[in-house]
Structures are given as structure tokens and as C-alpha cells.
Amino acid sequence: MAEIHIASSKEINQVLQLMLAGISSDPDGMLELKRSWWRHLMFRKFVGPRMLRNQMDTWVAVQSGQVQAYLVVQYLGDVLGTFDWAVVEPRDPSHQALLHRLLQAALSQARAQGAYTYFFFGLRADAPTWVTEQLQEAGFHLMDYQLEQMVAELPLEAEGSLPPGFALTPQFPNRFADQLRALLPLDYPDASPQELAGILATHEPTLAHNAKILQVEREGEAVGFLQQTRWRDELRLLLALAPELWGSPEEQQLVVTAIQLLGKRDGRVRFRTFSRAHLAASRPGLEALGLRWEPAPWHRWLVHLTDAGGSAEGPTEDRVEDEEESDA
């Protein structure tokens, strides 16, 4: 039977080898990493070992000295979440069960620490049902959080300008937390306070990761915000907006103007709203601009650590004390 514990240095090396071999929750990302020999080398020898050993918790299921599954947990404020995870033989029911054991160990430790409120699990939208069934058994629920998107090649044929009375005002991301708490709920008019708390806690750490923030103002009053990130030649925009503007001509003008201003050197745009209801209302107008709908490739599942039940004690298996020197 496989043992569940925090990885030793040698086991972290095995995890890195698995990740770079595509045995990962994000095989496409690993393939992209390997396309650059120096990024591959830096991740394999320096960045990866330091992250997985010192900055995150790397849980492993080990049998006969070999890692059969792993779960890497990162810490983001009062939120924990998956950095990567995988099962070596995902079609084998006994290996599938290893993910459940890893998850229970990580959740148990998080509850015992008492410093974290939420745990999120990143999952590809096309993941097999056995994974989602395990998440549901552990108390997770699928978040209504960027589940769909509108995409287009750039430049758009449509052109526009800001509607009268509207402005896009740059903000400092590291100072935007208070405005975020006030404006993000606009995208969820029917959500409960508990739902909003989880979405806010999950999203807030992204403000510090190379994001640019533009506050949407109408006649000087904040009615939403636009978050901009970029990956390679792709412009990524995420919008929260007052419900009365969903699907309106003003929203169409805001979106096309933002794409014109921010995507001049990009070849593609990926536009999302926070909630599905917002995008459903806005979709016809966005399609008129030349954007096309598609499901987002990633989902996030969330559990409130104090509501999920289960023991607050640590995992039953012994934790491996990592006193070895890394040979990465």
C-alpha cells in the first residue's frame, strides 16, 4: 500500500521528472516550458526544487520507492490551492484512490494549522468524472468563476470609443483590495455572502501577479473594473460590471475600446466576465463585435475548510522530515 507524506528531496526530484514528462494537471504548460531549453533547465535544477520544497507543500503517494501520485499545495494569503497534481496511472482505480488520500492529507493539515479559510483545486474542464466525484466527496463545489470566455484574433474589425460619461482609470493593483471587495460583487447580484467570500478570497491574490487594473467609472462613480494580463501574444481581459450594463451598447463600447487600447501589439484576445450570468447577458453584443464563445479550459473547485467536516487532526501516515540535501 502506498504511503502518503510530504516529499523528501529525492521524491521531489521524481515529482519534477513526472511533471516535465507531462504527468501533470497542466501538460500543455509543461510542454511549453520544455520548448525553451534554458527555462527547462532553470525549472528542473533551481526554480522547481526550491518552489516544491521550500515555498509549497508537496504531498506524494509512494510505493516501492516510486512516486505514484502527487499534490503540490501553494499558500496564497488565507487561501490554499493546487499548484500541480497528477496520478501516474489515472485509469487504474487503485491509483485514482491515491488522489483522494493525498487530498484528505492536505485538507487535514490545513484544518489543523487553523490559519486558512479556503482550499481551491484547479482542474481542466475536460477532466474525467472520477476526479470531480472525489472533489464532491471531499466537500468541494464548482465555483461560478470564469467558466466561459469570448475569444477573437486581433485586430478586431469593430472600432469604438468610450461611451459618453465613461472612463477607464488605472489603479495600483497592490492597493486595489478594498475596491475589489466593493466592485466584484456587482458580477454576482444573487450570490450569498458565503459564495462571495470564497470568490473574493480566491481572486484577490491574482492582483499581485502581473495584473493591470482599470476601474470603470460612469459620471465619476465606479461601476466595475477591468483586469488585464497577458500571455505571449494573447491579451486577457476580465470584467466585473454593474448588472444594468450587462449586454448594453455601453458595455460593447467599453470592451472594444479596451481591446483597441490594450491589445495593439497582441494577436489574440481572451475576454471573460466573473459570473456566467454576466457573460450570458453580454454574449450577443460581444459576438456582434467579432468575438466567439467557448468554454474556459480550467475550472476551480472550492471548499470552506471549517465547513467541510472531517478530522482536524493531521494525516495518519508519518510526515517525512526532509533533512536530505537536494541533488536536483
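The side chains of Glu204 and Arg181 form a salt bridge with an N to O distance of 2.9 Å, a salt bridge being a side-chain nitrogen of Lys or Arg within 4 Å of a carboxyl oxygen of Asp or Glu. Glu204 occupies the loop between helix H7 (193-203) and strand E9 (212-218), whereas Arg181 belongs to helix H6 (residues 177-183), so the pair ties together parts that are 23 residues apart in sequence. Helices (H or I, at least four residues) and strands (E, at least two) are DSSP runs numbered from the N terminus. Glu204 is partly exposed at 25% relative accessibility, and Arg181 is partly exposed at 41%; buried denotes under 20% relative accessible area, exposed over 50%, and partly exposed the range in between (1.4 Å probe, protein chains only).

The structure is a predicted model, in which local features need pLDDT of at least 70, side-chain atom pairs count only at pLDDT 80 or more, and totals for chains, interfaces and linings use all residues. Residues are numbered from 1 along each chain as its sequence is written, and side-chain values use heavy atoms, with hydrogens and water left out. The average pLDDT of the protein (the predictor's confidence in each residue, from 0 to 100) is 91, and 93% of the residues score at least 70. Over residues 308-328 the pLDDT falls below 50, and this stretch has 43 contacts in the model beyond near neighbours in sequence, a contact meaning heavy atoms within 4.5 Å.

Side chains of opposite charge can pair when their charged atoms come close. In total, 16 salt bridges are present in the structure. One of these joins the side chains of Asp28 and Arg124 at 3.3 Å, N to O. Asp28 is located in helix H2 (residues 27-34) and Arg124 in strand E5 (residues 118-124), so this pair ties together parts that are 96 residues apart in sequence. Arg124 is partly exposed, with a relative accessibility of 26%.

A further salt bridge connects Glu294 with Arg268, their closest N and O atoms lying 3.7 Å apart. This pair links distant parts of the chain, with Glu294 in strand E13 (residues 292-295) and Arg268 in strand E12 (residues 268-273), 26 residues apart. Glu294 has a relative accessible area of 24% and is partly exposed. Both residues belong to a network of salt bridges that links Glu153, Glu234, Arg236, Arg268, Arg270, Arg292 and Glu294.

The side chains of Glu234 and Arg236 are joined by a polar contact of 2.6 Å. A polar contact is a pair of N or O atoms within 3.5 Å; within protein, one must be able to donate a hydrogen and the other to accept it, and residues adjacent in sequence count only if both atoms are side-chain atoms. Apart from neighbours within four places in sequence, Glu234 contacts Thr229, Asp266, Arg268 and Arg270.

Lys212 is situated in strand E9 and is exposed, at 52% relative accessibility. The C-alpha atoms of Lys212 and Pro173 are separated by 6.5 Å, although the two residues are 39 residues apart along the chain. Excluding residues up to four places away in sequence, Lys212 touches Leu226, Gln227 and Gln228.
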